[in-house]
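Please examine the structure shown below.

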Amino acid sequence: MTPTPTTLFDAALRGVLLALLLVLALVLGRDRPRLPAARAGALLALGLCVQVIGATPLFEALMPRGWQAPFVAVSVGNGVVFWVFVQALFDDDFVLRPLHVVTWLAVAAVAALNCALVAGSASMIAPLTMGVQRAVPLVFAVLAAMAAASQWRTDLVEGRRRLRVFIVVTGVGYSVGMLGVRLASPRGQLSDLSATVDVAMLLLIVAVVAWRMLRLAGSELFPAAQAPVPIPEVTQEAPLKEEAVAPAPVEAPLSPAAAEPPPEPAPEADPAEDRLAEALQHAMAVDRVYRREDLSIASLAARLSVPEYRLRRVINQRLGHRNFNAFVNGFRLAEAMAALADPSKRELPVLTLALTAGFQSIGPFNRAFKAATRLTPTEFRKQKLAES
């Protein structure tokens, strides 16, 4: 087969894309081997390498359909890995669960079965498996977009917020576009031109994401290693009134994110940000706005009469928090801990103390409390009251 300019250009694009994906997988696996986002990113990069090879027009034309099953299985399964990667990238508390692995195995099995059925001319079942296979990339692209869009307003890392928007737009757009092209093809295979356009789009997306990730890997994108949050020492004085229980100061609120250093400390003092930090401390520690159930970054910024981006920058770069909800929950946990350790409140239910501190239900309170102290609220109360 004589190579044409189109096939040569396609091969060059695929070579560049494969090199970029391998470098990205190597860097993520080397620099951040224990982070779920880095592991998922490295697996996605390797899976895309298989996809790039398997989607080559010459490969699809010459390779028997049955032999393409492993490549197709990995390619379709990349939709699941992309979904997991987005969750891990934007959720600092993400944990890989057996459900993620089972989902990938099921999707890959359906894709491999479809190849076998098509190769064996099993016309009765093949349309069903083909329909499932074609729907998988779109379904998981939408799920990934939903994961990237969730809690977008509470994300305090500006670089990560911009990356969320890029992934939502390009991830869904690419998946929908390629699904439409394959649906227009009788056998679901790409023509030489559409395959070149496909690899060019994928190269552009991967290049932008890789540039952002490698640029932010040491500061904004990945969290630093988190140390356990220490349980505060509650002084046993005369019984305090409900309004007198002081939460942790704004400089060190109690939450897992507070254990990591500020990603980019300000090199010079900014009087305007100093005043904003003082106003923020007063609002949280004195006015106790964290007790409000409807508290948001927008409402707090309006209360302080500042733009949202300035408030995000102060909480993120001055105080080292990556998520607004974690920042607010630090104050709520501090008040709840003080109340649980107060002998005068031993008869009050845990739910009452949680709701008073600003939590909307007992479930989120228990999870946040266990993550911060390694104890349940009841265990923490028994321990502190026994010490007193």
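## Report on a predicted model

V101 counts as partly exposed, because its relative accessibility is 41%; buried means under 20% relative accessible area, exposed means over 50%, and partly exposed lies in between, with a 1.4 Å probe and protein chains only. This is a predicted model, in which local features need pLDDT of at least 70 and side-chain atom pairs count only at pLDDT 80 or more, while totals for chains, interfaces and linings use all residues. Residues are numbered from 1 along each chain as its sequence is written, and side-chain values use heavy atoms, with hydrogens and water left out.

V101 belongs to helix α5 (residues 98-119). Helices here are DSSP runs of H or I with at least four residues, strands are runs of E with at least two, and both are numbered from the N terminus. Between V101 and V84 there are 17 residues of separation in sequence, and their C-alpha atoms are 9.7 Å apart in space.

**The protein as a whole**

The protein contains 15 helices and 0 strands. Of its 388 residues, 45% are buried. Among contacts in the protein with a separation of 6 or more, 76% join residues 24 or more positions apart; contact means heavy atoms within 4.5 Å.

R212 is located in helix α8 (residues 192-216), and R212 is buried, with a relative accessible area of 10%. The C-alpha atoms of R212 and G159 are 8.1 Å apart, although 53 residues separate the two along the chain. When neighbours within four places in sequence are left aside, R212 is in contact with G159, R162 and L163.

**Aromatic rings**

Rings of Phe, Tyr and Trp (its six-membered ring) pair if their centres lie within 6.5 Å; planes under 30 degrees apart count as stacked, over 60 as edge-to-face and the rest as tilted. By this rule there are 7 aromatic pairs. The pair of F324 and F327 is tilted, because the ring centres are 6.3 Å apart and the planes stand at 45°. Both F324 and F327 lie in helix α12 (residues 324-340), where they are 3 residues apart, about one turn of the helix. F324 and F327 are both buried. Another aromatic pair, F359 and F365, is edge-to-face, with 5.0 Å from centre to centre and 65° between the planes. F359 is buried at a relative accessible area of 3%, and F365 is buried at 0% relative accessibility.

Which residues form one aromatic cluster with F324? Y290, F327 and F331 belong to that cluster together with F324.

A charge sits over a ring if NZ of Lys or CZ of Arg is within 6 Å of the ring centre and within 35 degrees of the ring normal. The table gives the two cases.

| Charged residue | Ring | Distance from ring centre |
|---|---|---|
| R161 | W152 | 4.0 Å |
| R332 | F359 | 5.9 Å |

**Packing of helices**

Two packed helices are described by the angle between their axes and the distance between the axes. Axes are lines fitted to C-alpha atoms, for helices over the stretch in contact, and angles run from 0 to 180 degrees between N-to-C directions.

Helix α2 (residues 36-54) packs against helix α4 (residues 69-90) at an angle of about 155°, and their axes are 8 Å apart. The two helices α2 and α4 are therefore roughly antiparallel; angles under 35 degrees count as roughly parallel, over 145 as roughly antiparallel, 65 to 115 as roughly perpendicular and the rest as oblique. The crossing of α2 and α4 is left-handed; a crossing is left-handed if the near helix is turned anticlockwise from the far one by less than a right angle, and right-handed if clockwise. Residues that make the contact include A40, L44 and L48 of α2 and F71, V74 and F85 of α4.

Helix α12 also packs with helix α13 (residues 350-357), at an angle of about 145° and with the axes 9 Å apart. The crossing of α12 and α13 is right-handed. R332, E335, A336, A339 and L340 of α12 make this contact with V350, L353, T356 and A357 of α13.

**Positive phi values**

Most residues other than glycine have a negative phi. R288 has a positive phi near 55° and is not a glycine. R288 lies in the loop between α9 (271-286) and α10 (297-304), and R288 is buried, with a relative accessible area of 10%. S305, also not a glycine, has a positive phi of about 60°. S305 lies in the loop between α10 and α11 (308-318), and S305 is exposed, with a relative accessible area of 66%.
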